[in-house]
Amino acid sequence: MYSGRALQSSRAVARGMRGFSSGQSLHSQQEAVRRVTVIGGGQMGSGIAQVAAAHKHEVTLVDVNSEALKRGQAYMVKSLKRVAKKKHSDDEAAQSRFVDEIMGRVTVSTQLQDAVGRADLVVEAVVEKLQVKQELFARVSEAAPGTAILASNTSSLPIGKIAEGLEEGQRRRMVGLHFFNPVPQMKLVEVVRTEEADAQVVERAVAFVRAIGKEPAVCKDTPGFIVNRLLLPYMMEAVRLLERDVASPRDIDTAMKLGAGYPMGPFELCDYVGLDTIKYIVDGWHKDGAGLKGNPLFAPSAKLDELVKSGRLGVKTGKGFYDY
Ligand code: CAA
Ligand code: NAD
């Protein structure tokens with residue numbers, strides 16, 4: 001594990017603050033984002049990397065695990081091939097060129113500090129654990145340019161809390177950029193504005209979201225932002241229905257798809273998101289969520305705990321509520 005904060009503060013003193021107050025020009029803070037470093041090569045990180053590269057950005061995808069990077073690259077290629085087939089349906093050479101051109105803009109790396117050194121934007125998409133994200137940003141903020149936007153794709157953790165160990169100038173450059181799964185298909189990105197975030201940084205983040213073909217929704221830094229604050233209670237109520245043996249997962253999913261017009265049922269969606277991620281979110285809110293602490297909606301679920309403990313994390317491990 002990193003000795004994040006101690007390292008961060010001593011280096012920051014040595015180098016001067018790497019924030020707005022360090023004398024960076026206003027111009028460089030307003031320039032369009034061109035170089036993006038995405039940290040975490042799992043389902044979200046690889047999706048974000050793919051979409052940014054497809055919209056002409058130079059992308060570096062970082063993970064601690066080189067196997068995860070290989071899986072991430074394979075996911076991107078598979079996903080792009082699907083788009084290529086639709087775009088150039090009877091021209092295989094054009095399909096290959098399309099995929100190769102986009103993948104040519106993606107570099108992968110396990111070396112965090114090198115990978116963020118030239119970034120205009122750093123998007124973190126690692127495991128949903130506060131301490132891991134805090135330690136990561138302590139290292140990132142040391143190595144990234146003083147004008148880079150620092151963004152977390154967290155589903156549930158307060159952005160202000162992730163940023164709390166950073167220098168003031170760095171905290172002003174920190175926002176949430178919350179993408180949705182599957183990233184290539186889902187049009188929304190929540191842009192989370194902390195109390196400390198600089199207005200120009202938020203504007204630049206919004207411009208980036210539009211530049212990658214997504215629709216931004218700007219919101220305050222409250223638990224679950226907009227979508228997850230509404231979605232997680234729904235998912236957890238479905239789990240409680242199952243625990244009370246009201247109906248099977250299949251019947252609950254069918255009911256919500258055919259009776260409420262949802263594209264996926266709640267159990268399909270839970271498996272898609274990842275049951276570990278859902279558990280981290282609800283456990284975190286129940287223990288410590290602002291305004292949510294102790295809320296029975298997010299009380300631990302024996303069913304969820306049992307599935308996670310047995311490694312049934314959903315689609316990503318081939319088993320969850322369903323087998324894949
Ligand atoms: N790149 C770019 N676009 C792509 C693509 C790719 N690789 N693959 C498909 N698309 C496009 C398709 O061309 C299509 O666009 P058009 O309608 O313009 O033709 C569109 O994306 C939909 O494509 P699909 O054929 O894959 O759509 P589908 O009908 O099979 O639906 C689904 C698949 C989008 C996943 C749908 O089932 C759905 O919306 N499910 C719900 C997903 C959801 O709720 N996600 C949120 C989870 S919560 C979360 O993410 C937040 C969190 O913090 C936990
Ligand atoms: P995942 O398990 O698929 O991937 C996480 C990746 O992060 C793994 O490849 C892991 O090796 C890597 N990693 C862990 N610690 C790291 C570190 N210190 N440095 C670099 N890499 C590290 O998870 P995911 O579903 O992609 O979720 C990632 C983040 O995105 C979480 O914060 C999650 O809450 C959020 N999110 C998830 C979804 C979803 O539907 N799954 C949607 C929106 C947001």
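Accessible areas here come from the Shrake-Rupley method with a 1.4 Å probe, and for residues only the protein chains shown count as cover. By that method the protein chain exposes about 15400 Å², of which 53% belongs to carbon and sulfur atoms. Keep in mind that this is a predicted model, where local features need pLDDT of at least 70, side-chain atom pairs count only at pLDDT 80 or more, and totals for chains, interfaces and linings use all residues. Residues are numbered from 1 along each chain as its sequence is written, and side-chain values use heavy atoms, leaving out hydrogens and water.

Let's start with the overall build. The protein chain has 15 helices and 8 strands; these are DSSP runs numbered from the N terminus, helices being H or I of at least four residues and strands E of at least two.

Now to the annotated sites. From an unreviewed entry, UniProt places the feature "binding site" at Ser79, Lys86 and Ser155. These positions spread over 77 residues of sequence and, in space, up to 31.4 Å between C-alpha atoms. UniProt annotations, given in the numbering used here with shortened feature names, may be inferred rather than shown by experiment.

Ser79 lies in helix H4 (residues 66-87) and is buried, at a relative accessible area of 16%. Ser155 sits in the loop between strand S5 (149-152) and helix H8 (159-162), and its 15% relative accessibility makes Ser155 buried too.

Conventions: Chains are lettered from A and ligands numbered from 1 in the order in which they are written. Buried means under 20% relative accessible area, exposed over 50%, partly exposed in between (1.4 Å probe, protein chains only).
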